Amino acid sequence: MSTNAPNPVPGDEESTSNFPFVGWLRDVAPYIHSFREKTFVIAFAGELVKEIGLENLIEDIAMLHAMGMRIVLVHGIRPQIEEQLKLRKIKSKFGTSALNTYRITDAAALECVKEAAGELRLDIEAAFSRGLPNTPMAGSRISVISGNFITAMPVGVVDGVDYVHTGLVRKVDSTSITLSLDSNKIVLLSPLGFSPTGQAFNLAYEDVAASTAAALKADKLIFLSPYSGLRDVDGELITELSLPQLQDYMTEHKDIESGLKGLINISGKAVRSGVSRVHFLPCNQDGALLEELFTHDGIGMMLASSDIENLREANQDDVGGILQLTMPLEEEGILAARGQDVIERDIQRFSVIEHDRVLFGCAALFPFPNGVGELACLAVDADVQGSGDGERLLKRIEMRAKQENIKKLFVLTTRTEHWFLKRGFKRATVDDLPEERKQIYNWDRKSMVLTKDL
């Protein structure tokens, strides 16, 4: 991912002012390519409407749709239900089971649920219909489709408490939702479901979102809720977790807030059912969705079935990503120039580090006779330098070298001598290079030679 942009034309004020935008657009391009045609289930709590309003979120989702992402949008309505109950002077009633806290939805409360869901759904559809000039929605033609996609069943009587019209998701009509997505529609789901007998049930929006994501085998399930994620022992937000790590965390921490615990549990089930990633974002922060999707560090917590960061050997599909990493460094003279054909030829010599399917670093190992190998093309994206990716790539190359019975590594560098010296390399000369490498040494570059015994 390159942050380098062409130099602005002297005297061209517009080019100068647009320079940050050009760099930003180039930075996010790999994410756009990666996410195109992917299915995202985006669920937001009703609190979001109270905290920051619908307008900006709908504009952000419309932009994702315009980029080619397949969107299912699920909304919550808990604060809106409370408003309707207060208007009708009806007291809220809840019951707590071993797994969760549910609203007791009697006939009167169900009418409030219908009123809240219908009002908010209409507000969302209206927001998608806006197309005023000079706004982010200008020129947009977005069709939103809702329907009886969710079959529900009653919670029933638990610990002697009858939850009446409170339900659970029984089945998701994934075929109809997929057909709608194939027709370039945004699918909008309210937290209501219907039984085969025609009864309506009040559902948890988290249950609707997770069940839908599982049925669609969605690439991402994204929650914008009052809970942004789990915290470590220092109180810092944990940004990434695999399922095994989550299980360890839940075993060690018994005092997790019930609402967050329920959200985590249902998300874990979604991942085990085939959802690739679950993201937890704060619902009170404008732009959280875009920041999470289009920046390396994101803003919330991400849950996946296995480690999200992947250090592996390269394949032909990585050639383009490697070029994006190396070309800016070649232009600056930090790396020796290698064309696409050279990288394609030597791709099996490369190792790469990727984060959520985007390459952020690469390095290559080239063997020479007598147990000597060259570490070459070590490059890390500028946005993540200092995060340890370069160290991890170096260790990977050293591991590969040992597997190939290489006893000594050497590297040629023009500007990063001290980085290698700190990691056990020692200064050497051109005369210390293998004869084959000495013959192609570029005397114009005058690269420093460093070696390390393994």
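Which residue in strand 10 does valine 72 stand opposite? I looked that up first, and valine 72 stands opposite valine 187.

**Entry 1: ground rules.** I'm working with a predicted model, where local features need pLDDT of at least 70, side-chain atom pairs count only at pLDDT 80 or more, and totals for chains, interfaces and linings use all residues. Residues are numbered from 1 along each chain as its sequence is written, and side-chain values use heavy atoms, with hydrogens and water left out. My helices (H or I, at least four residues) and strands (E, at least two) are DSSP runs, numbered from the N terminus.

Entry 2: I traced an open sheet of eight strands with mixed pairing, in the order 5-10-2-1-13-15-16-14. Two strands pair if DSSP finds at least two bridges between them. Strand 5 (144-145) and strand 14 are the edge strands, each pairing on one side only. Strand 2 (residues 70-75) and strand 10 (residues 186-189) run parallel, joined by three bridges. I then found helix 6 (residues 107-129) packing on the sheet, where it touches strand 1 (39-44), strand 2, strand 5 and strand 10. Contact here means heavy atoms within 4.5 Å. The direction of helix 6 makes about 145° with that of strand 2; axes are lines fitted to C-alpha atoms, for helices over the stretch in contact, and angles run from 0 to 180 degrees between N-to-C directions.

**Entry 3: strand 15.** Is strand 15 (residues 277-282) mostly covered or mostly open? It is mostly covered, with six of its six residues buried. Buried means under 20% relative accessible area, exposed over 50%, and partly exposed in between (1.4 Å probe, protein chains only). In a regular strand the side chains alternate between the two faces of the sheet. I checked both faces of strand 15: Arg277, His279 and Leu281 are buried on one side, and Val278, Phe280 and Pro282 on the other. Strand 15 pairs with strand 13 (residues 220-225) in the parallel sense over six bridges, and proline 282 has serine 225 opposite. With strand 16 (residues 301-304) the pairing is antiparallel, over four bridges, and arginine 277 has alanine 304 as its bridge partner there.

**Entry 4: helix 9.** In helix 9 (residues 243-252) I listed Leu243, Leu246, Tyr249 and Met250 as the buried residues. They sit on the same side of helix 9 because they cover an arc of only 115° around the axis, taken from the directions from the helix axis to the C-beta atoms. The face turned away carries the exposed residues Thr251 and Glu252. Among what covers the buried residues are strand 14 (240-242), helix 10 (258-272) and strand 16.

**Entry 5: two helices crossing.** The axes of helix 7 (residues 174-182) and helix 8 (residues 205-216) come within 10 Å and cross at roughly 80°. That makes helix 7 roughly perpendicular to helix 8 (under 35 degrees is roughly parallel, over 145 roughly antiparallel, 65 to 115 roughly perpendicular, the rest oblique). Ser174, Ile177, Thr178 and Leu181 of helix 7 meet Thr212, Ala215 and Leu216 of helix 8.

**Entry 6: two loop residues.** Tyrosine 163 is in the loop between strand 8 (161-162) and strand 9 (167-172), and it counts as buried at 1% relative accessibility. Serine 447, in the loop between helix 16 (435-439) and strand 23 (448-453), is buried too, with a relative accessible area of 9%. Not counting residues up to four places away in sequence, serine 447 touches Leu412, Thr413, Thr414 and Tyr441.
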